[in-house]
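User: I would like a close look at one part of this model, followed by its wider setting. Please keep the account connected.

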Number of protein chains: 2
Amino acid sequence: MEAATPAGEAGADVSRLSLNTATTKSWTLAQAVDGTVRAGLGAIGLWRDRVEEAGLAESAALVRDAGLRVSSLCRGGFLTASDEVGTRAALEDNRAAVVEAATLGTSELIMVVGGLPAASAPGGPALPHGDRDLVAARQRVADRIGELVPFAVEHGVRLVLEPLHPIFAADRAVISTLGQALDLAQPHPAHAVGVVVDTYHLWWDPELRAQILRAGEQGRLASYQVCDWILPLASDPLLSRGYMGDGYVDFTSIGRWVTEAGYTGDVEVEIFNQAIWDTPGDEVLRVMKDRYVRHVLPALTPPTA
Amino acid sequence: MEAATPAGEAGADVSRLSLNTATTKSWTLAQAVDGTVRAGLGAIGLWRDRVEEAGLAESAALVRDAGLRVSSLCRGGFLTASDEVGTRAALEDNRAAVVEAATLGTSELIMVVGGLPAASAPGGPALPHGDRDLVAARQRVADRIGELVPFAVEHGVRLVLEPLHPIFAADRAVISTLGQALDLAQPHPAHAVGVVVDTYHLWWDPELRAQILRAGEQGRLASYQVCDWILPLASDPLLSRGYMGDGYVDFTSIGRWVTEAGYTGDVEVEIFNQAIWDTPGDEVLRVMKDRYVRHVLPALTPPTA
């Protein structure tokens, strides 16, 4: 089945467009690879859950045989545990993720660094008891990134720090701005620690242009992920993302900044949204391509001098 | 009726504690003034809706006769309109708010500056059509603050910029960090434009300590407002605030920074929360005092050298 191409957009260049497998949650990895190829995209972004289901070697073969680039692997991270057992488990899991990224043929491992320890604990209480020290949690992230860097470099994998919207600062990521992510990356070489610009998380950041340019200058801009900030928020704010154009994100400005910063890599669409998850995958890809071509692509083309 | 004092906290100093009238939403202004006096607090923070109901002159007399300080007036702002009619209306409303603040005897007018124009329009569509240019919206805020400053100074009122949590960047405030608020304040004297630190909005800000100290050095720290960030978010995120101690905010660190910055003013408790609104006001004040004494006050006392 061919995805329909909107009138007037025939031949639009979707070679940099990448499907993040979280966008088509109901698809297995094989289905997502097939759908991505069918839609004519150049790349796919993988979540570890889909890879685990399919098997690591099998997943690597699937993607390679399909001729797709792997734009990133999601995700490592959750590095804020304040106890020894939690810390050891986190480091071990991140080393496994590094190996998976290398095996899958991507150099970019996205890192969601974790929230306050009490809030992050799986099955933990809704209200935290104990550790609210955000400054200390951030320091633990810095220390553990430092511990993981040699292992990552050895495997040719970059740890890509993802600043998350501050709505998730308590329970998912104590990194909230691009500047903060770049400060954490600073002690390490650019091939060891990078950053990702996700429009959903960063569209509001008052320093966004300056920090995107800083990331570009340092060679740390590892990924550009796009989806929209929609209102009202979904009851689970984690699922409150929309197709590009359905919300408030200024893709024209942000796309121009990313281009100014020299980014020429893949553009991943990663949307967590129940209604989109309930839509057949090919239809999701059709809309996603259309929105990419209309709202994202124009700003990614440097003006011909 | 005397508010109960928790055992062991008898005599704790609540002279800097201020009830923001939004916390006891069901109370009229007269009831809020009486309740604040009954609880032994030194100050009250007023919202304009309660003042309007009671009448401006009457409100001023009520608070003055009760011997309370007015820690702030909430709120001016909503300055991001991109059309002439909307702009003129906003400036006029802000001049009225300045006069109200002066009449009520407070120098501090809290400014919630407004979101993207389409998102801010009352009764407007959930999805915006048109103006997503956040950089331009911020510039309009800067310009209009500049227009309002002479009028405010003439009336002895300071425009106090409130950075709001980025969850509200689309629909309520295009100022999201304390550093950004201070950058906007920079062209104006400290007695003309100040900033407020509200823990709910700023607890996640990676530059919070540095920017609080900067605000202190510049004499711009006009208000300290406290309440907690709780999870899961309420279905209306605007109402997702909790008593101090019920969530993730590190009041010890933030209180210490505010104290380091030289702030010795009132500490306002402003909680939007349906369950708290449904609780009798005196009970709300009892809990609020207890939480203030346990979680907030200790960090506000500079160590004796």
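Where in chain A is the place of A:Phe78?

Analyst: A:Phe78 sits in the loop between β3 and α4 (84-104) of chain A; helices (H or I, at least four residues) and strands (E, at least two) are DSSP runs, numbered from the N terminus. This is a predicted model, in which local features need pLDDT of at least 70 and side-chain atom pairs pLDDT 80 or more, while totals for chains, interfaces and linings use all residues. Residues are numbered from 1 along each chain as written, chains are lettered from A and ligands numbered from 1 in written order, and side-chain values use heavy atoms, without hydrogens or water.

In chain A, a cis peptide bond links A:Cys74 to A:Arg75, with omega about 0°. A:Arg75 belongs to strand β3 (residues 69-77) of chain A. In chain B, B:Cys74 and B:Arg75 are likewise joined by a cis peptide bond, omega near 0°, and B:Arg75 is part of strand β3 (residues 69-77) of chain B. Most residues other than glycine have a negative phi, and most peptide bonds are trans.

Turning to the two chains together, 37 residues of chain B are in contact with 37 residues of chain A (heavy atoms within 4.5 Å). About 2,900 Å² is buried between chain B and chain A, 67% of it on carbon and sulfur atoms; buried area is the accessible area (1.4 Å probe) lost by two parts on being put together, summed over both. On the chain B side, B:Arg132, B:Trp204 and B:Tyr248 lose the most area to chain A, together 21% of what that side buries. Helix α6 (residues 134-154) of chain B supplies the largest share of the side that touches chain A, 3 residues. By class, this side of chain B has 23 nonpolar, 6 polar and 8 charged residues (Ala, Val, Leu, Ile, Met, Phe, Trp, Tyr, Cys and Pro are nonpolar, Asp, Glu, Lys and Arg charged, the others, Gly among them, polar).

Within chain B, helix α1 (residues 29-38) packs with helix α3 (residues 56-65) at an angle of about 10°, their axes 10 Å apart. α1(B) and α3(B) are therefore roughly parallel to each other (under 35 degrees). B:Leu29, B:Ala30 and B:Val33 of α1(B) meet B:Ser59, B:Leu62 and B:Val63 of α3(B), a contact with 5 nonpolar, 1 polar and no charged residues.

Note on methods. Axes fitted to C-alpha atoms, helices over the stretch in contact; angles between N-to-C directions. Parallel < 35°, antiparallel > 145°, perpendicular 65-115°, else oblique.
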